[in-house]
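User: I have a structure open and want to talk through the fold. Can you walk me through it?

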Amino acid sequence: MSTPVSTPAAVGFEPDEIRTSEPTRSARLKWVVVVDEALPPGRAANAAICVAAATATDVHGLRGPDAVDAEGGVHPGLPWAGCTVLTAPAAQLAAIRAKAAASLGVYVADMPAAAQHTRVYDEYLEAVAAAGAADLPAYAVSLVGPRNRVDKIVGRLPLMS
C-alpha cells in the first residue's frame, strides 16, 4: 500500500531564516530532487524541472532576491538555499516518496510517469484519477524539509550526472 502524498502547509522559511550571506548548508531546510536513474537525459531534466516548479511555488522563502547586474539588468531570484539533484532506481524512488510523505514537516512534490505520457493536462489528471497510488510510478520527487530528515530519507544517493 502506498502512502499518499500530502503537502504540508507550513513547510518553508520564515523571513529571519533567509540568510543569503551564509553557505547553503547553514539553511534549516534542505531541498533535494530525486530522479529515476533509468530516464534518458531529456525526460530526466523535464521531470526534475516539473517537480522543482511545483516546489518553488509551494515552499515559502525558497527563492532569493532578484540579482541586478552592473548594467541594471534584472536576473530573477534563484533558490538561495540550493537544490541537489540525485538519482535512484525506480523502486527506491517509490520508497523515498512513501517515506517522505509519511515524514512530518517534509514537503513532497512528485511527477507521476503519466505526466510524460500525455500531452493534454486534463488527460494527465484523468490518468492519475483512474489509478491507485501503487500504479503511479514517479519519475521524480522533490523534497524540502529539515536537513536531518531529508538526509535520512535520501541516504547517500549519487548526484545526477
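User: How many bridges pair strand 1 with strand 6, and in which sense?
Analyst: Seven bridges, in the antiparallel sense. Keep in mind that this is a predicted model.

User: Which residue is the bridge partner of tryptophan 31 in strand 6?
Analyst: Valine 144 is the partner of tryptophan 31.

User: What holds paired strands together in general?
Analyst: Strands of a sheet pair through backbone hydrogen bonds, parallel or antiparallel.

User: And strand 5 with strand 6, how many bridges there?
Analyst: Six bridges join them, and the two run antiparallel. Strand 6 covers residues 138-146.

User: Which residues stand opposite each other there?
Analyst: Valine 108 faces leucine 143 in strand 6. Aspartate 110 stands opposite valine 141. Proline 112 stands opposite alanine 138.

User: Zoom out. What is the strand order in the sheet?
Analyst: The order is 4-1-6-5. Four strands form this open sheet, with mixed pairing.

User: Which strands stand at the edges?
Analyst: Strand 4 (84-88) and strand 5 (107-112) do. Each has a single partner strand, so one side of each has no neighbour in the sheet.

User: What is the average twist?
Analyst: From one strand to the next, the twist averages 20°.

User: Is strand 5 largely enclosed or open, and why?
Analyst: Strand 5 is largely enclosed by the rest of the structure, because five of its six residues are buried.

User: What about strand 6, how many of its residues are buried?
Analyst: Nine of the nine, so strand 6 is largely enclosed by the rest of the structure too.

User: Switch to threonine 87. Where does it lie?
Analyst: Threonine 87 is in strand 4.

User: Buried or exposed?
Analyst: Threonine 87 is buried, at a relative accessible area of 12%.

User: Now the helices. What does helix 2 lie across?
Analyst: Helix 2 (residues 90-101) lies across strand 1 (29-36), strand 4, strand 5 and strand 6. The helix runs at about 35° to strand 6.

User: What span should helix 2 have, and what is it in the model?
Analyst: Twelve residues at 1.5 Å a residue should span 16 Å. The end C-alpha atoms of helix 2 are 17 Å apart, which agrees.

User: Which residues of helix 2 are buried?
Analyst: Leu93, Ile96, Arg97, Ala100 and Ala101. They cover an arc of only 125° around the axis, so they sit on the same side of helix 2.

User: What covers the buried residues of helix 2?
Analyst: The cover includes strand 1, strand 4, strand 5, strand 6 and helix 4.

User: OK, helix 4 then. What does it touch on the sheet?
Analyst: Helix 4 (residues 147-154) packs on the sheet and touches strand 1, strand 4 and strand 6. The direction of helix 4 makes about 150° with that of strand 6.

User: Which residues of helix 4 are buried?
Analyst: Arg147, Val150, Ile153 and Val154. Their arc around the axis is only 130°, which puts them on the same side of helix 4.

User: And which are exposed on the other side?
Analyst: Asn148 and Lys152 are exposed there.

User: What covers the buried residues of helix 4?
Analyst: Strand 1, strand 4, strand 6 and helix 2 are among the elements that do.

User: What follows helix 4?
Analyst: Glycine 155, with a positive phi near 60°.

User: Last topic, the whole chain. How many helices and strands?
Analyst: Four helices and six strands. Along the sequence the pattern is β-α-β-β-β-α-β-α-β-α.

User: How compact is the chain?
Analyst: The chain is as compact as a globular protein of its length, because its radius of gyration is 16 Å, close to the 15 Å that the globule rule gives for 161 residues. Along the principal axes, the C-alpha atoms fill a box of roughly 50 × 35 × 30 Å.

User: How much of the chain is buried?
Analyst: Buried residues make up 37% of the 161 residues.

User: And what share of contacts is between residues 24 or more positions apart?
Analyst: They account for 78% of the contacts with a separation of 6 or more.

Definitions and conventions. Residues are numbered from 1 along each chain as its sequence is written. This is a predicted model: local features need pLDDT of at least 70, side-chain atom pairs count only at pLDDT 80 or more; totals for chains, interfaces and linings use all residues. Side-chain values use heavy atoms; hydrogens and water are left out. Two strands pair if DSSP finds at least two bridges between them. Axes are lines fitted to C-alpha atoms, for helices over the stretch in contact, and angles run from 0 to 180 degrees between N-to-C directions. Contact means heavy atoms within 4.5 Å. The expected span of a helix is 1.5 Å times one less than its number of residues. Buried means under 20% relative accessible area, exposed over 50%, partly exposed in between (1.4 Å probe, protein chains only). The arc is that of the directions from the helix axis to the C-beta atoms. The radius of gyration is taken over C-alpha atoms; the globule rule is 2.2 Å times the number of residues to the power 0.38.
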